[in-house]
Amino acid sequence: MGFKVIKENIMKTNDDIASGIRKTMEDNGVLMINIISSPGAGKTSFLEKAGPMLRKEGVSFEIITGDCFTSRDAERMDAAGLPVTQINTGNSCHIDAQLVKKAVQEIRMDGLDLVIVENVGNLVCPAEFDIGEDHKISFHSTAEGHDKPLKYPLLVKESDYVIINKTDLIEHTDFDVSFFENSIKKINPRVDILRISCKTGEGIEGFLSWIKERIKEKKENGA
Amino acid sequence: MHELAIARSMVSLLDKEVSCPEVGRVRNIYLEVGILRYIVPEILETCFKNIPKNEKLNGARIVIETVPVRIICSECGFETEVTANEFICGRCSGREVEMRSGKEFNIRGIEW
């Protein structure tokens, strides 16, 4: 009979690798964001729209995209001329720090402003795993229903920005915008919420202003 | 199914802890898990059972202590236990709060 006190964080291995990635990004003055959503919310469509706009604004970026089995998202972004690295997660439902570390090693940091990670579509697991990002973005769509923030509070709590896509579909659904936004504010009162439609392009410029501000902050803090 | 990745992390930590000779065959593994972590104990048990590990860990039971979400109000200083999706002060209804617990994910210890 015996007892050994351990008191060790189970996520330690992942978190240590994530700290290493964060340090690499800091040393290079590169901002990193982690976009998390349900499957089909429109992350790839969003990047197809926002990517060329970012480029036009002179932002130098790389996209890391995660998918369980296919390279469909990477192919779509490659066709749009966007710089993309694919991670296949196999049977894992999230991207962890080890996978991101490998992808980051492939990226040239010289002159880079931003790394965008498009996580695997899932509102639970990706919120658990620190990948060294500066900001998590909680990405939703009106077709999913307005109760998702209440059902997945950890993601909302951990996020610094919330995007709600497919606003063009609101009139065809029972989506209640104020219920959705109030639920978010109960969990994370300070978070900014952006309404967009990837179909019409409406609202996407709001993301550009937000991200440019974050890039500026990162460069200033790193200097 | 983050339980599989989590069970793997547990095994890699525990393999080291049980390697010293004074630790016998482990009966119980005590975890402390915040309610925001969405762990399904039964799935975690199954994943843990099926991962190759030090034989001292075979057959060990996972005992989970669930930690509630507690917040401290930045305005009035009151501490409240809240549900996972309403971070609102129980005294003044303030929303500027600091989370004190609810995100834990620790191995507290092992018993043999």
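Of the 112 residues in chain B, 31% are buried, where a residue is called buried if 20 or more other C-beta atoms lie within 10 Å of its own, exposed if 12 or fewer do, and partly exposed in between, the C-beta atoms being placed from the backbone. This is a predicted model, in which local features need pLDDT of at least 70 and side-chain atom pairs count only at pLDDT 80 or more, while totals for chains, interfaces and linings use all residues. Residues are numbered from 1 along each chain as its sequence is written, and chains are lettered from A and ligands numbered from 1 in the order in which they are written.

Chain B contains 2 helices and 6 strands, which follow one another from the N terminus as α-β-α-β-β-β-β-β; here helices (H or I, at least four residues) and strands (E, at least two) are DSSP runs, numbered from the N terminus. The C-alpha trace of chain B spans about 55 × 30 × 15 Å along its principal axes. Its radius of gyration is 18 Å, whereas a compact globule of 112 residues would have a value near 13 Å, with the radius taken over C-alpha atoms and the globule rule being 2.2 Å times the number of residues to the power 0.38. Among the contacts in chain B with a separation of 6 or more, 71% come from residues 24 or more positions apart, two residues being in contact if their C-beta atoms, placed from the backbone, lie within 7 Å. One residue of chain B has a backbone angle worth a look: B:Tyr38, although not a glycine, has a positive phi of about 45 degrees. B:Tyr38 is found in the loop between β1 (28-34) and α2 (41-50) of chain B, and it counts as partly exposed because it has 18 C-beta neighbours inside 10 Å.

Where the two chains meet, the contact takes 27 residues from chain A and 30 residues from chain B. On the side of chain A that touches chain B, at least two residues each are supplied by β1 (3-9), α1 (12-28), α5 (125-128), α7 (153-158) and α8 (177-187) of chain A, and β1(A) gives the most, with 7 residues. The residues of this side divide into 14 nonpolar, 6 polar and 7 charged, where Ala, Val, Leu, Ile, Met, Phe, Trp, Tyr, Cys and Pro count as nonpolar, Asp, Glu, Lys and Arg as charged, and the others, Gly among them, as polar. Strand pairing also crosses between the chains, for β1(A) and strand β6 (residues 105-111) of chain B pair in the antiparallel sense over 5 bridges, two strands being paired if DSSP finds at least two bridges between them. Within this pairing, A:Phe3 has B:Glu111 in β6(B) as its bridge partner. Strand β1 of chain A also holds A:Lys7, whose phi is near 50 degrees, a positive value in a residue other than glycine; A:Lys7 is exposed, because 9 other C-beta atoms lie within 10 Å.

Within chain A, an open sheet of 7 strands has the order β4-β3-β5-β2-β6-β7-β8, with parallel pairing. Its edge strands, each pairing on one side only, are β4 (84-88) and β8 of chain A. Strand β3 (residues 61-67) of chain A is joined to β4(A) by 5 bridges, and A:Ile63 stands opposite A:Val84 in β4(A). Strand β6 (residues 135-141) of chain A is mostly covered, with 6 of its 7 residues buried. This β6(A) is joined by 5 bridges to strand β2 (residues 31-37) of chain A, where A:Ser37 stands opposite A:Phe139, and it pairs with β7(A) over 6 bridges, where A:His140 stands opposite A:Ile164.

Leaving aside neighbours within four places in sequence, A:Glu118 is in contact with residues including A:Ile35, A:Lys43, A:Ile63 and A:Asp73.

Helix α8(A) has A:Phe180, A:Ser183, A:Ile184 and A:Ile187 buried. Seen down the axis of α8(A), these buried residues fall within an arc of 100 degrees, so they line one face of the helix, the arc being that of the directions from the helix axis to the C-beta atoms. They pack against α6 (148-151), α7, β7 (159-165) and β8 (192-195) of chain A.
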